[in-house]
Amino acid sequence: MASPDITEADVRAVAEVMRSGRLALGPKTEAFERAVAKYVGTEHAVGVSSGTAALHLIIRALNVGRGDEVITTPFTFVSSTNCILFEHAIPVFVDIDARTLCIDVEQVEAAITPRTRAIIAVDIFGHPADWPSLERIAERYGLALIDDSAEALGSSVAQRRCGSFGCAGVFGFYPNKQITTGEGGMIVTDDHEMACLCRSMSNQGRGEEEGQLCHVRLGYNYRMNELSAALGLMQMSRIDRIILARRRVASLYREAFSDVGDVICPVPVGDVKVSWFAFVIRLSEVFSQADRDAVLRGLSLRGIDARNYFVPVHLQPYCREALGTQEGDLPVAEAAGSRTIALPFSNQLREDEISRVASAVREELECVC
Ligand SMILES: Cc1ncc(COP(=O)(O)O)c(C=O)c1O
């Protein structure tokens, strides 16, 4: 469904690290961190092994633990919830805004209780959450705000880059993301103490000064390696071109569906710039989940890889079991989840490939009508 944008220069940069003998804890990771921090506009960046690891470290650094509640969105990848469950805290799901598919800020305040410690909002598919409103709420109630921007490197709200909102933000570099390091993630923050804590915990709890064999706190091996960082650094050097290429694919898709009333295409809402992670269309309400699934099967038979991004987290079997959540709890997220189709999406997608996908979707829709 996605394919990474890897150049010969990227391959050479990774090979150079392999030849250098310095494969971990080295200058490439430091340079990649500096490049991301500068781009996002934060004081600090800490490279880690995945977006999930990044979220987990922030939750640990905030000391969120057993019985604490963290407000989050159900319409996301499971990591935004899992980092809460890792620490035996309780995810409190708030429904989403039907236009942006991000957390509905109008409903956040009603979910706050004396046990609420934090809010994790997600810039879903690259579309920014309503960060100005979330920052006001977090400040009013003294809550930590975490920007899960794993899917939104390069998106912004009122000229401010996603990832830089709240006390810390997160990026993910899995191969379907805007830039990739194979596997990898990054924490970005202006909070010096948060950055130091996350760095220490990502490196088995080592301190800054105490040396390799002194572990001052409980930690993990969540480090980014030098090969990944070398690839990330190369990719960061052409981030603007990558985002433009993805924007072009998104607008060609939009054009291709402009006369199909039953297909709702994603569009930026408000004073935002979107760096598209995926292009996820929604079928109108005349279609059921079964219709959508039939369309997905039809596309698959034609050799087109499309997915039902996302099954809301509260309906995942492990969440139902752990939290007792069920259908009907979060109607907007469930309605979205039952009608979405994530289409093939990558920087290199050609115009004829986009037309072929759009025609196939139209024909499959006619079949289920
Ligand atoms: C919104 C969101 N948060 C977190 C993650 C986790 O990132 P990773 O797969 O690098 O652990 C992802 C991954 O796709 C994601 O989409």
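Which helices each supply at least two residues of the lining of the largest pocket? Helix 3 (51-61) and helix 4 (79-86) do. Before going on, the conventions. This is a predicted model, in which local features need pLDDT of at least 70 and side-chain atom pairs count only at pLDDT 80 or more, while totals for chains, interfaces and linings use all residues. Residues are numbered from 1 along each chain as its sequence is written, and side-chain values use heavy atoms, with hydrogens and water left out.

Back to the pocket. Helices here are DSSP runs of H or I, at least four residues, numbered from the N terminus. A pocket is an open set of points on a 1 Å grid over the protein atoms alone, where a 1.4 Å probe fits, with protein on both sides within 12 Å along at least five of seven lines; lining residues have an atom within 4 Å of a point. The largest pocket has a volume of about 460 Å³, taken as the space filled by probe spheres set on the points, which are joined across faces, edges and corners. Its lining has 25 residues, and Phe 77, Ser 79, Glu 151, Asn 176 and Lys 177 lie nearest the centre. Helix 3 gives the largest share of that lining, three residues.

Next, the cores. A nonpolar core is a set of buried Ala, Val, Leu, Ile, Met, Phe, Trp, Tyr and Cys residues joined through side-chain atoms within 4.5 Å. Buried means under 20% relative accessible area, exposed over 50%, partly exposed in between, with a 1.4 Å probe and protein chains only. The largest core has 71 residues, and Phe 125, Leu 134, Tyr 253 and Phe 257 touch the most other members. Helix 13 (residues 351-368) gives the most to this core, six residues. Domain 1 (8-236) and domain 2 (239-368) each contribute at least three residues to the core; the bounds come from an automatic or database domain assignment. Apart from this core lies another, of 28 residues, including Val 46, Leu 55, Ala 144 and Cys 198.

Last, the cysteines. With a disulfide taken as a pair of cysteine sulfur atoms within 2.5 Å, the count is zero. For Cys 167, the nearest cysteine sulfur is that of Cys 198, 9.0 Å away. Cys 167 is partly exposed, at 22% relative accessible area. For Cys 367, the nearest is the sulfur of Cys 369, 9.3 Å away. Cys 367 is exposed, at 60%.
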